[in-house]
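Work through the exercises below with the sequence and the model side by side. Each task is followed by its solution.

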Amino acid sequence: MSGSVAGTHITYIQLSSSLGRAAIGGYRQAANQGIQCVSGGISHPSLRLLLLRLFVSISCCGLGDVVEQCAVPDQAPVVVLRLTEALERLGWENETIYRTPPVSTGPPELRQALDTDPAAVDCEQYDLSVLADALRFYLQELSCPLIPAVVYSELVYTAQETQSLEECGQQLKRILDSPSIPQSNHQLLVYLTRHLSKVTQSGGAAQASPRLLAQVYSEAVFKNNHFSADVNPEHHVKILEALIVVGGLMEMQAAPGRPALHWASYSPPG
């Protein structure tokens, strides 16, 4: 048996072992071991990706209700839209918005108002740095992962395998346009990544590099993913950085099985 064939055979055994662990409940550990053996043991990119998708499909089936209930609340995109619009108000380019680490979690009354009726919140009364901290804290406090388990491993794999940020970002966008992603999650990521991309091009004191912004937000975006605890945080930073570099996600029409949400007709107060 040739070296490449032998390596593939060994990787199949390793992958099968990981799948077995996933079937009995060790999802997070099995997922990361599956990623490692697929990335490291098989040289052909198409075969690696095919095996990774097979692994993710089987391991996510084992997660059952956890995967089915991964959608963020319907109002979450409205909250993010309200805060990002307020952050981009007239003259915003002349203020420093994003700092790392964050200074605060935002005023309690602002957080309560956003949870109660985000469309009615008067964001203009708050400083931009306060709104930025509130946005980051809001995302971090969401109980559901922003990145569903059904695409998480493929995003990590793409970040590992693709050197160019531009190429990586385009591939990540195609993955995140999958109909398997809840519309509320997708719309929230559209608003967030497009805002961060604008920050990188704003000029003046507000401008920040894609990498700095990715470092600021990567923990909030990936915190609640069921498979993320054992993955190198640098992969999370690269995923977000690459999306920012390519301008963020784009709006998309509701796909079959992805119903339109009631906040789709939201318009900012005049």
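**Exercise 1. A serine in a loop**

Which residues does serine 202 touch, not counting residues up to four places away in sequence?

Solution. Two remarks come before the steps. The model is predicted, so local features need pLDDT of at least 70 and side-chain atom pairs count only at pLDDT 80 or more, while totals for chains, interfaces and linings use all residues. Residues are numbered from 1 along each chain as its sequence is written, and side-chain values use heavy atoms, with hydrogens and water left out.

Step 1. Apply the contact rule, heavy atoms within 4.5 Å. With residues up to four places away set aside, serine 202 touches Trp92, Glu93 and Gln207.

Step 2. Helices are DSSP runs of H or I with at least four residues, strands are runs of E with at least two, and both are numbered from the N terminus. Serine 202 sits in the loop between α10 and α11.

Step 3. Classify the exposure. Buried means under 20% relative accessible area, exposed means over 50%, and partly exposed lies in between (1.4 Å probe, protein chains only). Serine 202 has 17% relative accessibility and therefore counts as buried.

Step 4. Look for a polar contact, which is a pair of N or O atoms within 3.5 Å; within protein, one must be able to donate a hydrogen and the other to accept it, and residues adjacent in sequence count only if both atoms are side-chain atoms. A polar atom of the serine 202 side chain lies 3.3 Å from the backbone nitrogen of glutamine 207.

**Exercise 2. A serine in a helix**

Is serine 184 buried or exposed, and which side chain does the side chain of serine 184 join in a polar contact?

Solution. Step 1. Serine 184 belongs to helix α10, residues 183-200.

Step 1. Its relative accessibility is 3%, so serine 184 counts as buried.

Step 2. The side chain of serine 184 makes a polar contact of 3.4 Å with the side chain of asparagine 185.

**Exercise 3. Salt bridges**

How many salt bridges does the count come to? Describe some of them.

Solution. Step 1. The rule asks for a side-chain nitrogen of Lys or Arg within 4 Å of a carboxyl oxygen of Asp or Glu. The count is six salt bridges.

Step 1. One of them pairs glutamate 88 with lysine 198, with 3.2 Å between the closest N and O atoms. This pair links distant parts of the chain, 110 residues apart: glutamate 88 is in the loop between α5 (76-87) and α6 (108-116), and lysine 198 is in helix α10. Glutamate 88 is partly exposed at 22% relative accessibility, and lysine 198 is partly exposed at 43%.

Step 2. Another pairs arginine 136 with aspartate 133, where the closest N and O atoms are also 3.2 Å apart. These two residues are three apart in helix α7 (residues 128-141), which means about one helical turn separates them. Arginine 136 and aspartate 133 are both buried.

Step 3. Glutamate 241 and arginine 211 form a salt bridge of 3.5 Å, N to O. Glutamate 241 is in helix α12 (residues 233-245) and arginine 211 is in helix α11 (residues 210-222), so the bridge ties together parts 30 residues apart in sequence. Glutamate 241 is buried at 11% relative accessible area, whereas arginine 211 is partly exposed at 30%.

Step 4. Check for a network. Salt bridges link Arg211, Glu234 and Glu241.

**Exercise 4. A helix pair**

At what angle do α5 and α7 pack?

Solution. Step 1. Axes are lines fitted to C-alpha atoms, for helices over the stretch in contact, and angles between N-to-C directions run from 0 to 180 degrees. The angle between α5 and α7 is about 160°, and their axes are 9 Å apart.

Step 1. Angles under 35 degrees count as roughly parallel, over 145 as roughly antiparallel, 65 to 115 as roughly perpendicular and the rest as oblique. The two helices, α5 and α7, are therefore roughly antiparallel.

Step 2. List the contact residues. On α5 they include Val79, Val80 and Leu83, and on α7 they include Leu131, Leu135 and Tyr138.

**Exercise 5. The end of helix α12**

Which residues is valine 245 in contact with, leaving aside its neighbours within four places in sequence?

Solution. Step 1. Valine 245 lies in helix α12, and its relative accessible area of 35% makes valine 245 partly exposed.

Step 1. Beyond those neighbours, valine 245 is in contact with Leu165, Glu166 and Pro210.
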